[in-house]
Amino acid sequence: MTDRTADTSNASTSQTAGTAIWIALIAGLTVIGSFSFACAAPLAAVAALAALKMGRSEGLALVVTAWLVNQAVGFLLLSYPHTADSYAWGAAIGVSAVLGFLAACIATRPAMPQPLSPVIAFAAAFVTYQIGLYLAGVAFAYEGDAFSIAIVTEVLVINAVAYVAFVLVHRAAIALELVTPATQATASAAS
């Protein structure tokens with residue numbers, strides 16, 4: 001009985017460390033995305049990946065961490081203006097990313113066929129993220145062109161490319177045993 005408890009404790013510690021490494025890795029990649037794309041950082045891609053590959057609390061932690069990193073890069077390194085409008089948009093981006101994560105969680109089911117699940121998670125996260133930002137724009141009486149077809153298409157491409165990259169990084173992390181696949185993590189926790 002003690003051995004099993006020790007094994008479960010070691011698996012839990014290893015899984016927690018793997019989750020922390022995974023969150024740090026995606027947050028680090030978000031820094032790169034924030035430098036490259038500023039306000040178009042691939043937060044919908046992060047939300048979809050988190051919904052698909054992590055439990056709710058870990059996924060939420062990943063999305064919030066990615067958003068915080070994006071905001072820190074923007075305000076501390078890219079000289080975002082320290083105005084009420086900038087802070088309001090920052091909050092709207094964070095809320096929209098969380099809503100995208102929740103939508104992706106709801107849209108995907110564990111029994112869903114594998115080829116469909118990643119596509120549905122991404123679509124739910126991206127559409128919800130964009131709707132959240134659009135509604136914020138309406139509330140803020142925004143008059144810019146950030147919601148034109150050209151801009152939304154550019155943001156979609158940035159998020160789609162990032163999503164594919166994140167999925168490939170996730171597969172590499174599993175191969176290197178830095179992350180436990182979700183089905184194995186669930187089975188380990190049940191034992």
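What percentage of the 191 residues in the protein chain is buried? Buried residues account for 37%, where buried denotes under 20% relative accessible area, exposed over 50%, and partly exposed the range in between (1.4 Å probe, protein chains only).

1. Basis of the note. The model is predicted: local features require pLDDT of at least 70, side-chain atom pairs count only at pLDDT 80 or more, and totals for chains, interfaces and linings use all residues. Residues are numbered from 1 along each chain as its sequence is written, and side-chain values use heavy atoms, with hydrogens and water left out.

2. Overall architecture. The protein chain contains seven helices and zero strands, in the order α-α-α-α-α-α-α from the N terminus. Helices (H or I, at least four residues) and strands (E, at least two) are DSSP runs, numbered from the N terminus. Of the contacts (heavy atoms within 4.5 Å) between residues at least 6 apart in sequence, 76% join residues at least 24 apart.

3. Surface. The chain exposes about 10,400 Å², of which carbon and sulfur atoms supply 70%; accessible areas come from the Shrake-Rupley method with a 1.4 Å probe.

4. Packing of α5 and α6. Helix α5 (residues 116-139) packs on helix α6 (residues 149-175) at about 145°, the axes lying 11 Å apart. Axes are lines fitted to C-alpha atoms over the stretch in contact, and angles run from 0 to 180 degrees between N-to-C directions. On the α5 side, Pro118, Ala121, Phe122, Phe126 and Gln130 meet Val152, Val155, Leu156, Asn159, Ala160 and Tyr163 of α6. By class, this contact has nine nonpolar, two polar and no charged residues; Ala, Val, Leu, Ile, Met, Phe, Trp, Tyr, Cys and Pro count as nonpolar, Asp, Glu, Lys and Arg as charged, and the others, Gly among them, as polar.

5. Aromatic pairs. Eight aromatic pairs are found in the whole structure; rings of Phe, Tyr and Trp (its six-membered ring) pair if their centres lie within 6.5 Å, with planes under 30 degrees apart counted as stacked, over 60 as edge-to-face and the rest as tilted. The rings of Tyr134 and Phe147 have centres 5.5 Å apart and planes at 85°, so this pair is edge-to-face. Tyr134 lies in α5 and Phe147 in the loop between α5 and α6, so the pair ties together parts 13 residues apart in sequence. Both Tyr134, at 47% relative accessible area, and Phe147, at 26%, are partly exposed. Trp89, Tyr134, Phe140, Tyr142 and Phe147 form one aromatic cluster.

6. Backbone points. Ser79, in the loop between α3 (56-77) and α4 (84-107), has a positive phi of about 60° although it is not a glycine, and is exposed at 62% relative accessible area. Ala141, in the loop between α5 and α6, has a positive phi of about 55° and is exposed at 54%.
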